[in-house]
Amino acid sequence: MALRKLGDSVYLYPGSPSTLVKVFEDSAVLIDPGHGSGRHKDLNREIKKLGLGLKAQLATHGHADHVAVAPRLDAPLFTHRFEFSIAESPLNREILTFGSRAPEGFLAYHFPGEVKVHAVFEWGDELFDLRAVKLNGHSPGMTGFLDEENGVLYAGDAFFGERVLEAVGLPYLVDPDLFKTSIEELQNYAEKGFLLIPSHGKAVRGEEALELLSFNVKRVEEIEGLILELLKEPMSPDELAFRIMVHYGVDVTPQKLALNLVPLRAFIAKLYNEGNVGARVERGLRWVRAE
């Protein structure tokens, strides 16, 4: 695969996740280097084709599929301070994505190695002619990177392509309200004409971007309503996640079901805090819609 030029000083390397290449002072800055045994070689090759050296790496967040090859690239890695320990510690990454140490083979992008983070940033900081934009909800420190000069916003996992959502059912998130707030922020940029790039899915602009963002919000709101409908009868978290996946026609595997329990717990927490669901112990933990 080759780089796709998006502007005078920005390129996209396709993949899942995709990697943004920003040219800064005759060097390259990578956003979300990604994962895979040969990914670092591919990125180095494409950077050399541009006649550039590698200056830095930025991560939208610390999930393994976004940072796994960072140690194999000769440049410092920057993350938001909320993502620092997630990126660095293999156990912390498993805890965030699974809830505890994960059984082998249960995480789609498992990376057992440590990832050294060299510097942290805050939302609003300017780094290499890019602005760090607050887009949390998918993870605690999820960050987008705005390139105003080229009209591009790399949004990471702040929203997903339709095929991704159709494949898993539940959008992976740790806070539904924060996720929706981030979508609203992205809608503002879409209305201004910025090209929005998700890590998993195609880049979108204008009406297409607004439609895809609305699809993400609709899926979150649908799931909230679906949970309340299903919980007319008490149900365990596993049963509830399974029923939601079946509703959306997802091919249910043990790995997908285990992963979907993470966003499901986030939805349950929101509905419980709003007084819409309650908890029972009936041969295990069960949730039920409040009367």
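In which sense do strand β6 and β7 pair, and over how many bridges? Strand β6, residues 77–80, pairs with β7 in the parallel sense, over three bridges. Pairing here takes at least two DSSP bridges between two strands. Histidine 80 stands opposite phenylalanine 121 of β7.

A word on the source. This is a predicted model: local features need pLDDT of at least 70, side-chain atom pairs count only at pLDDT 80 or more, and totals for chains, interfaces and linings use all residues. Residues are numbered from 1 along each chain as its sequence is written, and side-chain values use heavy atoms, with hydrogens and water left out.

Elements are DSSP runs numbered from the N terminus: helices are H or I with at least four residues, strands are E with at least two.

Now the whole sheet. It is open, has seven strands, and its pairing is mixed. The order runs β1-β2-β3-β4-β5-β6-β7. β1 (4–7) and β7 (119–121) stand at the edges with a single partner strand each, so one side of each has no neighbour in the sheet. From one strand to the next, the twist averages 30°.

Next, helix α1, residues 39–49. It packs on the sheet and touches β2, β3, β4 and β5. Contact means heavy atoms within 4.5 Å. The direction of α1 makes about 150° with that of β2. Angles run from 0 to 180 degrees between N-to-C directions, and axes are lines fitted to C-alpha atoms, for helices over the stretch in contact.

Which residues of α1 are buried? They are Arg39, His40, Leu43, Glu46 and Ile47. Buried means under 20% relative accessible area, exposed over 50%, partly exposed in between, with a 1.4 Å probe and protein chains only. Down the axis of α1, the buried residues fall within an arc of 130°, so they line one face. That arc is taken from the directions from helix axis to C-beta atoms. On the other side of α1, Lys41, Lys48 and Lys49 are exposed. After α1 comes glycine 51, with a positive phi near 75°.

Helix α7 (residues 206–230) and helix α9 (residues 254–273) pack at about 70°, axes 11 Å apart. The contact is made by Val220, Ile223, Glu224, Ile227 and Leu228 of α7, and Leu264, Phe267, Ile268, Lys270 and Leu271 of α9.
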